[in-house]
Amino acid sequence: MRVRNGRPAAELTTMTLVSALEESFDIAWSFLEKSGELRGAAESADIILDSIEQQLRKGERRKLMLANRAISNYRAQVAEMPAVRPRILELVEGP
């Protein structure tokens, strides 16, 4: 077992992955929030996290790349979803 800075290498790798996940999520979330593109919090978080997790599994570690691809994936998935808000307003307000 390799040890760096008093910690096992596996622990440092896990910490690095968690840090990359957290920071890239924060970047993507903040950008989408400021642009007004976020839909529901849980749904949006799931899409962003899934995208980042898939990239991490493929070996990507650059936080900005993770965030930018998560934003692109989010936009693509949201574009495929039906517009819910106009339909809800139509039901509430009537035809």
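Helices here are DSSP runs of H or I with at least four residues, strands are runs of E with at least two, and both are numbered from the N terminus. This is a predicted model, in which local features need pLDDT of at least 70, side-chain atom pairs count only at pLDDT 80 or more, and totals for chains, interfaces and linings use all residues. Residues are numbered from 1 along each chain as its sequence is written, and side-chain values use heavy atoms, with hydrogens and water left out.

**The chain as a whole**

- Of the 95 residues in the chain, 24% are buried. Buried means under 20% relative accessible area, exposed means over 50%, and partly exposed lies in between (1.4 Å probe, protein chains only).
- Take the contacts between residues at least 6 apart in sequence: 57% of them join residues at least 24 apart. A contact here means heavy atoms within 4.5 Å.

**The nonpolar core**

- The largest nonpolar core has 16 residues, and Phe25, Ala28, Ile48, Ile52 and Tyr74 are those with the most contacts inside it. Such a core is a set of buried Ala, Val, Leu, Ile, Met, Phe, Trp, Tyr and Cys residues joined through side-chain atoms within 4.5 Å.
- At least two residues of this core come from each of helix 1 (9-34), helix 2 (41-57) and helix 3 (63-80). Helix 3 gives the largest share, six residues.
- Leaving aside neighbours within four places in sequence, Phe25 is in contact with Ala45, Ile48, Leu49 and Ile52.
- Ile48 lies in helix 2 and is buried, with a relative accessible area of 0%. Beyond its neighbours within four places in sequence, Ile48 is in contact with Phe25, Ala28, Trp29, Leu32, Ala70 and Tyr74.

- A search of the whole structure finds one aromatic pair. The ring centres of Phe25 and Trp29 are 5.6 Å apart and their planes are at 25°, so the pair is stacked.
- For pairing, rings of Phe, Tyr and Trp (its six-membered ring) must have centres within 6.5 Å; planes under 30 degrees apart count as stacked, over 60 as edge-to-face and the rest as tilted.
- Phe25 and Trp29 are four residues apart in helix 1, so about one helical turn separates them. Both Phe25 and Trp29 are buried.

**Helix 2 and its two sides**

- Helix 2 has 17 residues and reaches 24 Å from its first C-alpha to its last, close to the 24 Å expected at 1.5 Å a residue. That expected span is 1.5 Å times one less than the number of residues in the helix.
- The buried residues of helix 2 are Ser44, Ala45, Ile47, Ile48, Ser51, Ile52, Gln55 and Leu56. Seen down the helix axis, they fall within an arc of 165°, so they line one face of helix 2. The arc is that of the directions from the helix axis to the C-beta atoms.
- Turned away from that buried side is a face of helix 2 that carries the exposed residues Ala42 and Arg57.
- After helix 2 comes Gly59, whose phi is positive, near 105°.
- Ile47, also in helix 2, is buried with a relative accessible area of 7%. Not counting residues up to four places away in sequence, Ile47 touches Tyr74, Gln77 and Met81.

- Ser44 is buried, with a relative accessible area of 1%. The side chains of Ser44 and Tyr74 are joined by a polar contact of 3.0 Å, and a polar atom of the Ser44 side chain lies 2.8 Å from the backbone oxygen of Gly40.
- A polar contact is a pair of N or O atoms within 3.5 Å; within protein, one must be able to donate a hydrogen and the other to accept it, and residues adjacent in sequence count only if both atoms are side-chain atoms.
- Not counting residues up to four places away in sequence, Ser44 touches Trp29, Leu38, Arg39 and Tyr74.
- Ser51 counts as buried, at 4% relative accessibility. The side chain of Ser51 makes a polar contact of 2.6 Å with the side chain of Asn73.
- Setting aside residues up to four places away in sequence, Ser51 touches Arg69, Ala70 and Asn73.
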